Amino acid sequence: MSVSLVIVSHSVRLAEGVAELAGQMAHGKVAIAVAGGTAEGGLGTSVEKILAALRQVDGSDGILVLLDLGSAVMATEMAVEVFAHDSAPEVLISSAPLVEGAVIAAVEASVGNSLQEVADAAASAYTLPKVNTRNR
Amino acid sequence: MPVTTEDVVRWITRVAAVLHENRGYLTQLDSPIGDADHGINLDRGFQAVMDKLPTVANMDIGSILKMVGTTLVSTVGGAAGPLYGTAFLRAGMATSGKNELYEADVVSMLEAALEGIKARGKAQPGEKTMLDALTPAIAAMKEVEQQHGSMAQLLQRGSDAAETGMKATIPLRATKGRASYLGARSIGHQDPGATSSWLILKSLAETCAQKSR
């Protein structure tokens, strides 16, 4: 078993796309659940969809939630409060940029690292340069 | 004169109607500084509340407000869902088992709602949010309550203070929510969340003013 990921986005397609990208790096070894868009599939976040995604990966060695913007944080916090039960895995909400954070977290989770290690690695995505500015 | 269970039902019904009427206006306010969904989201949420209202209309005030909170959480797809959802849930907890609210009860109910919004949004007044309407409104109501003013005065002063606070969001720069991505460009626009908060408090004042006439 390993740490699982939940991808929360205002957009159904963005959530699914990030999960697809991160899943490619994890070679099927990491459970990745998605909660994109509102209940009707429009742009927004849904506490119920996030809760359903958390329940989908319940029983893993911890869950790292990666999210996109603003209200995704509040909706996730509400879902985590409802999700909490005695045997629930620990849930951490990552402040990492969604795409880089999810890819790094998937790699770290796939090698069996702990939730805290996966979360720390995802957070390091902030300092990962995309463009090597020195050579420009 | 206390606020009764029937008044709370009429208040929620009025809020649903007022938010429906102002749906376009709220969305228009949200368009330059947000994601242009505030009016549509709140209208959707309160229409869902109206569907469920008959099932709790004979229960205590706390049960009615908790139903409003859980319904908003599950039906409003923007930031307003968790924020107003938490506010109504906390208001419901503060009025649990009650069928009448006196002046001090109304103040403590709204204080609980305000604390809920602050905790959920991790926000403070001055950040161009609903708190900029709610915080002065509740302070004004508390003042009336401490001076033993009437319920009608208390609610009207609260509504007026919320309106003043709402207008005072225009020159503010947003540091919370989607508007914060706009930085200085958020200056000059009235905050939609503060506007809907004023409409909700205004509806409460109007509901109770109608009764005392």
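Begin where the two chains meet. This is a predicted model. Select the contact: 13 residues come from chain B and 13 residues from chain A. On the chain B side, pick out helix H4 (61–75), helix H5 (80–94) and helix H6 (103–121), each of which supplies at least two residues to the side that touches chain A. H5(B) gives the most to that side, with 3 residues.

Stay in chain B and select helix H1, residues 5–21. At 1.5 Å a residue, its 17 residues should span 24 Å. The C-alpha atoms at its ends are 24 Å apart, which agrees. Now colour the buried positions of H1(B): B:Thr5, B:Asp7, B:Val8, B:Trp11, B:Ile12, B:Val15, B:Ala16 and B:Leu19. An α-helix has 3.6 residues a turn, so residues three or four places apart point the same way.

Move to chain A and show its strands. Four of them form an open sheet in the order E2-E1-E3-E4, with parallel pairing. Strand E2 (32–36) and E4 of chain A stand at the edges. Each has a single partner strand, so one side of each lacks a neighbour in the sheet. From one strand to the next, the twist averages 20 degrees.

Next, select strand E3, residues 63–67 of chain A. Is E3(A) mostly covered or uncovered? It is mostly covered, with 5 of its 5 residues buried.

Look at the partners of E3(A). Strand E1 (residues 4–9) of chain A runs parallel to E3(A) and is joined to it by 5 bridges. Find A:Leu5 here, opposite A:Leu64. On strand E4 (residues 91–93) of chain A, the pairing with E3(A) is also parallel, over 3 bridges. There A:Ile63 stands opposite A:Val91.

Now show the largest nonpolar core, which has 110 residues. Those with the most contacts inside it are A:Leu5, A:Val6, A:Ile7, A:Leu64 and A:Leu66. Centre on A:Leu66. Beyond its neighbours within four places in sequence, A:Leu66 is in contact with residues including A:Leu5, A:Ile7, A:Ser94, A:Ala96 and A:Ala122.

Last stop: select A:Ser11, in the loop between E1 and helix H1 (12–26) of chain A. Is A:Ser11 buried or partly exposed? It counts as partly exposed, because it has 18 C-beta neighbours inside 10 Å, and 20 or more would be needed for buried. Leaving aside neighbours within four places in sequence, A:Ser11 is in contact with A:Gly36, A:Gly37 and A:Leu43. Finally, draw a distance from A:Ser11 to A:Val73: they are 62 residues apart in sequence and 14 Å apart in space, C-alpha to C-alpha.

Key
Residues are numbered from 1 along each chain as its sequence is written. Chains are lettered from A and ligands numbered from 1 in the order in which they are written. This is a predicted model: local features need pLDDT of at least 70, side-chain atom pairs count only at pLDDT 80 or more; totals for chains, interfaces and linings use all residues. Helices (H or I, at least four residues) and strands (E, at least two) are DSSP runs, numbered from the N terminus. The expected span of a helix is 1.5 Å times one less than its number of residues. A residue is buried if 20 or more other C-beta atoms lie within 10 Å of its own, exposed if 12 or fewer, and partly exposed in between; C-beta atoms are placed from the backbone. Two strands pair if DSSP finds at least two bridges between them. Axes are lines fitted to C-alpha atoms, for helices over the stretch in contact, and angles run from 0 to 180 degrees between N-to-C directions. A nonpolar core is a set of buried Ala, Val, Leu, Ile, Met, Phe, Trp, Tyr and Cys residues joined through C-beta atoms within 7 Å. Two residues are in contact if their C-beta atoms, placed from the backbone, lie within 7 Å.
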